[in-house]
Amino acid sequence: MTARFLMATLACTAAACGGAHTPAPDTAAFSATASDLSIAAEAHLARMQQAGAGGCATETARYAGEARPLVDRMSGMSQDMDACMTAMGHTSSADMKTTCEQMRQELEAHLAAVCASADPMAETERHVAAMQQMAAHEMDRATTMHGMMGGSGGMTSSGCSM
């Protein structure tokens, strides 16, 4: 009897609050991961300058081991980020997953091409600029979302609603 009463109370409470809501994603973690990726790309450029042509494969493998998990982590969070942005009525800004997919494509294209390139440094500079631009976009989206949630992204149980 008590369990039924509790379930009925929870159902009524959810209905009174507008039904299901999208939980707040951890905007701070998303932004920090994007920042880490930007820093990793910048470090890759510096290491490529030091490595020269003979060290390209070693540095590229090291960078792949650092950058892929960061892109994976962001990709894993991006769906919740987009769902929250959509729930807050900003569908046109729900592009974090798409940007993560573009980052993954850029990373894989760079890893495949850099050592075979006629100018590995130019390819690395191009790649770093592209990754930093996309990472900055993701950090900006996370900051915007954090502000729209009243600074509660990932820190409270507040939801993503208008």
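Predicted model: local features only at pLDDT ≥ 70, side-chain atom pairs only at ≥ 80, totals over all residues.
**Whole chain**

Show the chain as a cartoon and you will find five helices and two strands; helices (H or I, at least four residues) and strands (E, at least two) are DSSP runs, numbered from the N terminus. Walking from the N terminus, the order reads α-β-α-α-α-α-β. Colour by burial next: 37% of the 162 residues are buried, where buried means under 20% relative accessible area, exposed over 50%, and partly exposed in between (1.4 Å probe, protein chains only). Of the contacts (heavy atoms within 4.5 Å) between residues at least 6 apart in sequence, 77% join residues at least 24 apart.

**Helix 4**

Now select residues 96–113. This is helix 4, whose 18 residues reach 26 Å from first C-alpha to last, close to the 26 Å expected at 1.5 Å a residue; the expected span is 1.5 Å times one less than the number of residues.

Show side chains for M96, T99, C100, M103, E106, L107, H110 and L111, which are buried. Look down the axis of helix 4: these buried residues fall within an arc of 130°, so they line one face of the helix. That arc is taken from the directions from the helix axis to the C-beta atoms. On the face turned away from the buried side, pick out the exposed residues Q105 and A112.

**Helix 3 against helix 4**

Keep helix 3 and helix 4 on screen. Their axes come within 7 Å and cross at roughly 165°; axes are lines fitted to C-alpha atoms, for helices over the stretch in contact, and angles run from 0 to 180 degrees between N-to-C directions. That makes helix 3 roughly antiparallel to helix 4, a label for angles over 145 degrees.

**V71**

With 1% relative accessibility, V71 counts as buried. Beyond residues up to four places away in sequence, V71 touches L37, C100, R104, L107 and M131. Draw a C-alpha to C-alpha line from V71 to R104: the two are 33 residues apart in sequence and 6.5 Å apart in space.

Terms used
Residues numbered from 1 in each chain as written. Heavy atoms only, no water. Parallel < 35°, antiparallel > 145°, perpendicular 65-115°, else oblique.
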